Amino acid sequence: MPRLSQWMVRAALIYLLLGFTVGALLLAHKGLPLHPILWSWLPAHIEFLLLGWIVQLAMGVAFWILPRFWEKPSRPRENFALAAFVLLNLGIWLVVAGTTFQLGRGALLAGRVVELGAVVLFGVHGWGRIVSRTGK
Amino acid sequence: MPVLTRWFLRSALLYLAAALLLGVVLALPGSVALPAFVRAMNPAYFHLFLVGWVTQMIFGVIYWMFPIITRAAPRGNERLGWASYLLLNSGLLLRVVGEPLAATRPQSGFGWLLALSAVLQWLAAVLFVFLAWPRIKDKYRGG
């Protein structure tokens with residue numbers, strides 16, 4: 001597994017823990033009220049699990065297993081995937097800042113734009129690797 | 001494919017079918033008289049889909065496909081994997097039953113079911129991360 005995939009998968013597993021921890025608190029709070037502020041963490045719960053866990057894991061595994069090329073670099077435009085990793089995680093925390101930490105719609109909007117940028121960059125990296133064994 | 005992966009994947013497929021079936025029921029027009037218990041299952045629908053199907057499918061594939069640790073213990077402590085499987089599924093099923101019960105009968109004291117479900121699912125995730133973490137590595141090359 002290449003180094004960048006290792007970072008992405010490790011980050012994804014950390015988000016899985018964060019998302020399940022927040023989710024467990026929310027579910028327990030539904031049954032046995034703990035603190036009303038917990039509901040403000042619902043957007044973070046969704047963001048951690050959908051983007052941080054599922055999307056990031058998919059990107060990490062895709063970077064690893066999509067077909068490589070015989071000639072170097074075997075995974076072209078790797079810097080785009082690295083930038084996607086950085087931007088995706090920045091975007092997640094901007095969204096959480098804009099929702100759960102209530103830093104305003106600016107942070108939320110910036111987070112969504114940055115997440116979009118991450119996905120576009122990852123697409124630029126991966127598009128050429130979606131090929132058959134004959135390279136077509 | 002390891003036995004544990006087969007259990008994860010088959011369970012995941014059952015949850016997908018269950019989630020979509022529940023989705024059909026919840027989409028019925030308001031003129032159809034559904035028990036309040038069923039109408040309160042909207043969160044259960046999302047979690048059957050995202051925990052029961054997506055996350056469980058990922059767990060099964062990670063356990064199967066990630067680089068092995070050693071030839072002697074290729075996938076680490078298998079008991080951790082089984083514990084994670086049992087905790088995730090018991091926690092999720094408890095939620096599916098407990099959430100509408102607690103919502104429709106708030107005075108009946110079913111809230112503890114949700115707290116127990118939360119603990120079970122959280123433990124499942126912790127155990128799975130513990131199991132998967134050492135396998136995030138380069139390909140095993142012997143030694």
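Trainee: Hi! How many helices and strands does the secondary structure of chain A come to?

Mentor: Hello! Chain A comes to four helices and zero strands. Keep in mind that this is a predicted model. From the N terminus on, the elements of chain A run α-α-α-α.

Trainee: And what does chain B have?

Mentor: Chain B has five helices and zero strands, and its pattern along the sequence is α-α-α-α-α.

Trainee: What box do the C-alpha atoms of chain A fill?

Mentor: Taken along the principal axes, the C-alpha atoms of chain A fill a box of roughly 60 × 30 × 20 Å. For chain B, the C-alpha trace spans about 65 × 30 × 20 Å along its principal axes.

Trainee: What percentage of the residues in chain A is buried?

Mentor: Buried residues account for 41% of the 136 residues in chain A. In chain B, 35% of the 143 residues are buried.

Trainee: Let's talk cores. Which residues touch the most other members of the largest nonpolar core?

Mentor: Those are A:Met8, A:Ala12 and A:Ala84, in a core of 69 residues. Both chains take part: α1 (3-31), α2 (42-65), α3 (78-99) and α4 (105-127) of chain A, along with α1 (3-26), α3 (42-65), α4 (78-104) and α5 (111-132) of chain B, each supply at least two residues of this core.

Trainee: Where does the largest share of this core come from?

Mentor: From α1(A), with 14 residues.

Trainee: Back to A:Met8, then. What does A:Met8 touch, not counting residues up to four places away in sequence?

Mentor: With those left out, A:Met8 touches A:Gln56, A:Met59, A:Gly60, A:Phe63 and A:Phe85.

Trainee: Now the contact between the chains. How many residues does the contact take from chain A, and how many from chain B?

Mentor: Chain A gives 18 residues and chain B gives 24 residues. On the side of chain A that touches chain B, the elements giving two or more residues are α1 and α2 of chain A. The largest share of that side, 13 residues, comes from α1(A).

Trainee: How do the residues on the side of chain A that touches chain B divide into nonpolar, polar and charged?

Mentor: That side of chain A has 13 nonpolar, three polar and two charged residues.

Trainee: Switching to packing inside chain A. At roughly what angle do the axes of α1(A) and α3(A) cross?

Mentor: They cross at roughly 15 degrees, and the axes come within 11 Å. The two helices are therefore roughly parallel to each other. The crossing of α1(A) past α3(A) is left-handed.

Trainee: Which residues make the contact of α1(A) and α3(A)?

Mentor: On α1(A), A:Leu4, A:Trp7, A:Met8 and A:Ala11 do, and on α3(A) the partners are A:Glu78, A:Ala81, A:Leu82, A:Phe85 and A:Asn89. By class, this contact has seven nonpolar, one polar and one charged residues.

Trainee: Is A:Gln102 buried or exposed?

Mentor: Exposed: A:Gln102 has 10 other C-beta atoms within 10 Å.

Terms used
Residues are numbered from 1 along each chain as its sequence is written. Chains are lettered from A and ligands numbered from 1 in the order in which they are written. This is a predicted model: local features need pLDDT of at least 70, side-chain atom pairs count only at pLDDT 80 or more; totals for chains, interfaces and linings use all residues. A nonpolar core is a set of buried Ala, Val, Leu, Ile, Met, Phe, Trp, Tyr and Cys residues joined through C-beta atoms within 7 Å. A residue is buried if 20 or more other C-beta atoms lie within 10 Å of its own, exposed if 12 or fewer, and partly exposed in between; C-beta atoms are placed from the backbone. Two residues are in contact if their C-beta atoms, placed from the backbone, lie within 7 Å. Ala, Val, Leu, Ile, Met, Phe, Trp, Tyr, Cys and Pro count as nonpolar, Asp, Glu, Lys and Arg as charged, and the others, Gly among them, as polar. Axes are lines fitted to C-alpha atoms, for helices over the stretch in contact, and angles run from 0 to 180 degrees between N-to-C directions. Angles under 35 degrees count as roughly parallel, over 145 as roughly antiparallel, 65 to 115 as roughly perpendicular and the rest as oblique. A crossing is left-handed if the near helix is turned anticlockwise from the far one by less than a right angle, and right-handed if clockwise.
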